[in-house]
Amino acid sequence: SPQWEPRFRAAIPLREKNIHLLFTEFKKLLISNSIGIPAVAITQGILGMVGCRIFGIEDVMLAGMLIAFSSLIPVVGSGLIYLPLAIYLFSQHKEAHGWGLLIWGTAIVGIVDNLIRISIQKRLAQVHPLITFFGLLVGLPLFGIFGIIFGPLMISLFFLLLRIYRNEFHESEE
């Protein structure tokens, strides 16, 4: 435990069980957001590069980076890149490659998003994908690129503080 933690704990005007809940949940949320969000982006970027290479997209590095960044938007993220790429392939009369990329993007890249995001974030801190989505909407304008981590963390902490408030004051009325 860091040197500042005991003094910080002593300064918080809550019951000990709520202070413990605050510290343990905060650690879980921090780990979940700082590991889960980048892990999803990197995995989707790599899988996107593989799919682009297989189906004939020339600049696979750029496509992979765009897929990685767009994957930060839950549910539709990576589709914002591989769908236009598939349309491009169709326009070049490469229908088989277009369908292949579309299926690859949906079946492989899209499913991985759900599997990794849900397994890491749910397992570590019970973070719902909508918290990530709204956290990004709030965090990016406030914190810039760091909003990718701090936005969802901020929203998650808000709900944690509501839970602690309910614990602190609801139990005292009984």
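The model is predicted: local features need pLDDT of at least 70, side-chain atom pairs count only at pLDDT 80 or more, and totals for chains, interfaces and linings use all residues. Residues are numbered from 1 along each chain as its sequence is written, and side-chain values use heavy atoms, without hydrogens and water.

**First stop.** Select residues 79-91, which form helix α4; helices are DSSP runs of H or I with at least four residues, numbered from the N terminus. From first C-alpha to last, α4 reaches 18 Å. Now colour Gly-79, Ile-81, Tyr-82, Leu-85, Ala-86 and Leu-89, the buried residues of α4 (buried means under 20% relative accessible area, with a 1.4 Å probe and protein chains only). Looking down the axis, these residues fall within an arc of 165°, so they line one face of α4; the arc is taken from the directions from the helix axis to the C-beta atoms. Just after α4, select His-93, whose phi is positive, about 60°.

**Second stop.** Select Ile-12, Leu-22, Leu-29, Leu-157, Leu-160 and Ile-164, which have the most contacts inside the largest nonpolar core, a set of 13 residues. Such a core joins buried Ala, Val, Leu, Ile, Met, Phe, Trp, Tyr and Cys residues through side-chain atoms within 4.5 Å. Helices α2 (16-54) and α7 (147-173) each give two or more residues to this core. A second, separate core of 12 residues includes Val-60, Ile-81, Leu-85 and Val-109.

**Third stop.** Select α2 together with α3 (residues 60-70), whose axes lie 7 Å apart.

Key
Expected span 1.5 Å × (residues − 1). Buried < 20%, exposed > 50% of the residue type's maximum accessible area, 1.4 Å probe, protein only. Axes fitted to C-alpha atoms, helices over the stretch in contact; angles between N-to-C directions.
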